[in-house]
Amino acid sequence: MSNSNAIANGVAGAGAGIIAQILTYPLQTGIYYYFYQLFKNKAEAIAAARKHKGRGDGNVGIFSWLLVAALAGSLNVLLTNPIWVLVTRMQTHTQAERKITESKKEALLKEASENSLVASRLKDKLAELDSTKPRPYGTIHAVREVYTEAGIRGFWKGIIPTLVMVCNPSIQFMIYESSLKRLKEKRAANNKHGLKNISALEVFLLGAIAKLGATVTTYPLLVVKSRLQAKQEIGGNISLRYSGTVDAIIKMIRYEGLPGFYKGMSTKIVQSVFAASVLFMFKEEFVKAYMFLTHKIVKVPSNVTN
């Protein structure tokens with residue numbers, strides 16, 4: 001009975017998480033690209049104005065692009081963090097309820113050993129706990145729970161590590177571009193056509209290395225953010241109660257050590273590294289195809305003229 005309940009609860013929790021993420025990602029992406037385009041247009045206007053004044057060539061520099069991405073990402077985080085707090089809370093609710101139930105079972109077993117609780121009575125109480133159905137838990141319940149715990153500030157729990165994590169794409173971009181540049185220079189030194197010899201597989205591997213580096217660097221922040229946004233006082237364990245980012249970091253180091261900051265990273269690496277590698281590979285192949293077609297289109301009219 002308990003196993004079937006656990007499986008049912010797990011499936012329900014996974015379903016709630018999937019549905020919540022499906023609904024949240026498009027909104028998050030839309031907000032990000034809205035502000036990205038807004039800041040991009042402003043950056044291009046500033047670059048054009050500088051060229052008009054005789055300063056610069058009118059192109060937006062790499063640091064300006066990174067600033068544009070960082071500003072768009074920061075505003076996106078500030079606006080969508082409350083949604084992710086609720087999503088995380090709904091995803092971890094089943095786990096929290098399960099831990100509370102386990103702590104109650106441990107308390108009953110301890111009481112039975114200390115006070116010689118009748119076996120039949122103990123069995124009835126354990127069966128009652130196993131048969132207890134999880135309370136209905138939806139968006140409204142999550143909102144009330146977060147507000148009760150920390151007020152309005154509770155909806156922006158984990159905002160500091162999340163804002164810092166905006167640097168993840170920048171780290172990934174920096175590693176990828178610098179690695180690609182070195183590989184191209186190495187090929188060019190051995191072959192005058194070296195720039196054309198970067199294969200799709202090599203781009204895939206470079207993308208994987210770049211995302212791996214960015215993930216390993218920022219994953220601890222993701223763990224801290226998730227801990228802060230999850231339901232507090234799980235099972236009454238003081239080591240899982242956090243008052244803020246610094247408190248979460250100190251308690252994690254004290255009770256779990258450094259490995260605690262990398263729990264579940266293997267799954268994240270498989271998912272995000274593969275996705276980033278494929279994205280980089282398709283991007284480079286698309287650029288190659290575009291440059292090839294552009295060269296052909298320019299070459300044909302010149303041949304016709306001659």
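This report looks at a nonpolar surface patch and some salt bridges in a predicted model.

## A nonpolar patch on the surface

Let's start on the outside. Leu78, Tyr147, Ile152, Trp156 and Leu163 make up a nonpolar surface patch, and together they have about 480 Å² of accessible area.

Tryptophan 156 is one member of this patch. You can find tryptophan 156 in the loop that runs between helix H4 (139–150) and helix H5 (159–164).

## Pairs of opposite charge

Side chains of opposite charge can pair when their charged atoms come close. The count of salt bridges here comes to 5.

One of them joins glutamate 149 to lysine 157, with 3.8 Å between the closest N and O atoms. Glutamate 149, at 35% relative accessibility, counts as partly exposed.

Now look at helix H8, where lysine 251 and aspartate 247 sit 4 residues apart, about one turn of the helix. Their side chains form a salt bridge, at 3.6 Å from N to O. Lysine 251 is buried, with 16% relative accessible area. Elsewhere, salt bridges with shared partners link Arg227, Glu256 and Lys263 into one network.

Arginine 227 belongs to helix H7 (residues 200–229) and glutamate 256 to the loop between helix H8 (245–255) and helix H9 (265–305), so the pair ties together parts 29 residues apart in sequence. Arginine 227 counts as buried at 19% relative accessibility, while glutamate 256 is partly exposed at 23%.

How values were computed. Residues are numbered from 1 along each chain as its sequence is written. This is a predicted model: local features need pLDDT of at least 70, side-chain atom pairs count only at pLDDT 80 or more; totals for chains, interfaces and linings use all residues. Side-chain values use heavy atoms; hydrogens and water are left out. Patches are made of residues with over 30% relative accessible area and no salt bridge: like charges are joined within 9 Å, nonpolar side chains (Val, Leu, Ile, Met, Phe, Trp, Tyr) within 5 Å. Accessible areas come from the Shrake-Rupley method with a 1.4 Å probe; for residues, only the protein chains shown count as cover. A salt bridge is a side-chain nitrogen of Lys or Arg within 4 Å of a carboxyl oxygen of Asp or Glu. Helices (H or I, at least four residues) and strands (E, at least two) are DSSP runs, numbered from the N terminus. Buried means under 20% relative accessible area, exposed over 50%, partly exposed in between (1.4 Å probe, protein chains only).
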